[in-house]
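Please look at the sequence and the three-dimensional structure shown below before reading on. The report that follows takes up a few loop residues, then the chain as a whole, and then some places inside the fold.

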Amino acid sequence: MNQAPTARETLKLFKLLINMKKSIFLAALVLISAGCFAQKANVSKARSLSDAETPDFEAARTAISEALENEETKDLANTWYVAGYVGYKEFDYNNLKRQIGHNIDYEKWGAAVFESIEYWNKAYEMALIPTYDKKGKAKYDTRTPKNVLPKLTEYFTYQPLIIAGFNAYEAQNPSLAYDMFIAHLNIPEMKIFQDNPEEAATLLRDTSYYTCLYYAGRFAYEAKRYDNAIAAFQRMNSEHAAANALRKEIIFANEYIYQVYMDQADTVKAIAFIQDCINNFPEEPWFMQNLINLYISSGQEDKAIEYLDIAINREPNVGQYYNSKGSILARIGRFEESFAAFAKAIELEPNNALFLESLGFAYVDLGNKLNDDAAYYDAKEYAKAKIEIDKAFQNALPYFEKAYELEPDNYDFKRSLRSLYYRLGMDDKYQALVD
């Protein structure tokens with residue numbers, strides 16, 4: 001029969017168990033420390049490979065990627081700073097080659113810069129999270145911002161992303177061109193600069209900055225990235241842009257915004273937007289003209305006439321406004337008003353063949369309407385109506401003839417005049433124009 005252990009034996013066994021637990025715990029600590037040390041070594045390795053006389057950027061990225069995923073190092077600002085530093089050194093290495101006339105891969109060059117900006121955004125985010133000492137006092141990482149700010153300023157000054165973007169566009173890749181341009185343009189908007197206004201003030205957002213912003217919007221539009229296009233173009237409407245950008249580029253940007261809405265068949269937004277543009281850019285008739293065309297194409301003749309009158313009030317000597325108004329009025333059967341509008345257009349531009357032909361067609365339309373209305377008249381009523389019908393066609397004749405006289409090589413004018421000669425029974429003149 002086994003005897004129970006004595007008190008001395010029990011104490012000895014308890015001490016043995018305690019020592020075993022200590023050994024296991026210390027072993028675990030060694031393993032954890034070794035893992036953390038290994039990842040910190042990867043951070044140092046990535047930097048060393050990037051700083052080497054013959055750098056190995058891919059190996060550097062492999063080393064740092066492990067540290068970025070490790071629980072012990074992924075939340076350290078320095079890890080993310082070094083990840084961005086790899087891309088910065090690749091930028092610097094290729095920039096030196098470019099300056100001495102060597103060919104470089106601009107897509108990879110731009111990608112390295114783009115990558116480093118993304119990493120440094122994260123590095124600064126990590127640097128803003130305090131650590132606490134034993135007394136509970138918060139400590140902040142001030143080294144990371146000091147390292148990052150001058151390098152971002154260098155990017156903004158040397159414009160590698162703009163250069164890479166132009167090369168991407170020439171390679172028929174407007175989407176990548178947009179990504180490169182907008183990354184450059186967003187450097188002054190980064191939080192690290194917003195938190196350091198003195199450094200932000202050194203980044204000059206002048207006319208060339210807004211020219212690049214305008215082209216960023218165009219690249220996005222060509223790539224059919226419509227939301228990005230609108231966002232870029234809308235930035236041209238800021239107060240800062242109004243003071244620094246070229247007025248014509250601001251106007252062009254807003255024309256593109258309107259076109260995006262039209263491409264998306266969103267006429268509600270298109271109309272609301274272009275109405276604002278008419279007020280914001282009263283010197284630019286493009287907006288008024290396109291709004292009028294939009295109302296015409298959507299069958300909103302009354303609205304079209306309303307805005308034509310506004311346009312005429314602003315620019316009373318533009319013949320096209322009166323010509324457009326005349327065409328709408330004729331379409332809805334308000335012929336006398338249309339004749340007056342056409343007459344004003346021709347008064348302003350007496351040798352505009354299109355205006356002359358437009359008035360001629362208005363008289364033809366009147367003649368056709370009168371003829372249709374008389375279709376069910378009795379003989380006596382028709383004979384009376386025919387006088388007015390023939391008069392309408394006769395009134396059209398001098399305008400068709402003048403248009404053809406001004407542009408004898410215009411086949412449309414020739415065909416219209418020939419049809420009218422036939423309608424009026426002027427056979428000799430009709431035959432003279434037969435091909």
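## Two loop residues

Lys 224 is found in the loop that joins helix 10 (207–222) to helix 11 (226–234). As with everything described here, this comes from a predicted model. The phi angle of Lys 224 is near 60°, which is a positive value in a residue other than glycine. Lys 224 has a relative accessibility of 60%, and because exposed means over 50%, it counts as exposed.

Gln 159 sits in another stretch of loop, between helix 5 and helix 6 (160–170). Its phi angle is near 55°, again a positive value in a residue other than glycine. With a relative accessible area of 29%, Gln 159 is partly exposed, because that class lies between the 20% limit for buried and the 50% limit for exposed.

## The chain as a whole

The secondary structure of the protein chain consists of 22 helices and two strands. Its radius of gyration is 38 Å, whereas the globule rule gives 22 Å for 435 residues, so the chain is more spread out than a compact globule. Along the principal axes, the C-alpha trace spans about 140 × 70 × 45 Å.

Of the 435 residues in the chain, 40% count as buried. When contacts with a separation of 6 or more are considered, 59% of them are made by residues 24 or more positions apart.

## The nonpolar core

In soluble globular proteins, nonpolar side chains tend to be buried together. In this model, the largest nonpolar core has 125 residues, and those with the most contacts inside it are Leu 152, Tyr 155 and Ile 187. If residues up to four places away in sequence are left out, Ile 187 touches Ile 117, Leu 152, Tyr 155, Phe 156, Phe 193 and Leu 203.

Ala 183 belongs to helix 7 (residues 174–185), and with a relative accessibility of 12% it counts as buried, because buried means under 20%. Not counting residues up to four places away in sequence, Ala 183 touches Phe 114 and Leu 161. Leu 161 is 22 residues from Ala 183 along the chain, and the C-alpha atoms of the two are separated by 7.3 Å.

Ile 305 belongs to helix 16 (residues 301–314), and at 8% relative accessibility this residue also counts as buried. Its contacts, again without residues up to four places away in sequence, are with Lys 325, Ile 328, Leu 329, Ile 332 and Arg 334. The C-alpha atoms of Ile 305 and Lys 384, which are 79 residues apart along the chain, are separated by 34 Å.

## The largest pocket

What is the volume of the largest pocket, and which residues are the closest to its centre? The volume is about 270 Å³. The pocket is lined by 14 residues, of which Ala 77, Met 126, Ile 129, Thr 131 and Asp 141 are the closest to the centre. The elements that give two or more residues to this lining are helix 3 (77–99), helix 4 (106–127) and helix 5 (143–158).

By type, the residues of the lining divide into seven nonpolar, three polar and four charged.

Definitions and conventions: Residues numbered from 1 in each chain as written. Predicted model: local features only at pLDDT ≥ 70, side-chain atom pairs only at ≥ 80, totals over all residues. Heavy atoms only, no water. 1 Å grid on protein atoms, 1.4 Å probe; cavity = no way out; pocket = protein on both sides within 12 Å on 5 of 7 lines; lining within 4 Å. Points joined across faces, edges and corners; volume = space filled by probe spheres on them. Helix = DSSP H or I, 4+ residues; strand = E, 2+ residues; numbered from the N terminus. Nonpolar A, V, L, I, M, F, W, Y, C, P; charged D, E, K, R; others polar. Core = buried A, V, L, I, M, F, W, Y, C linked by side-chain atoms within 4.5 Å. Buried < 20%, exposed > 50% of the residue type's maximum accessible area, 1.4 Å probe, protein only. Contact = heavy atoms within 4.5 Å. Rg over C-alpha atoms; globule rule 2.2 N^0.38 Å.
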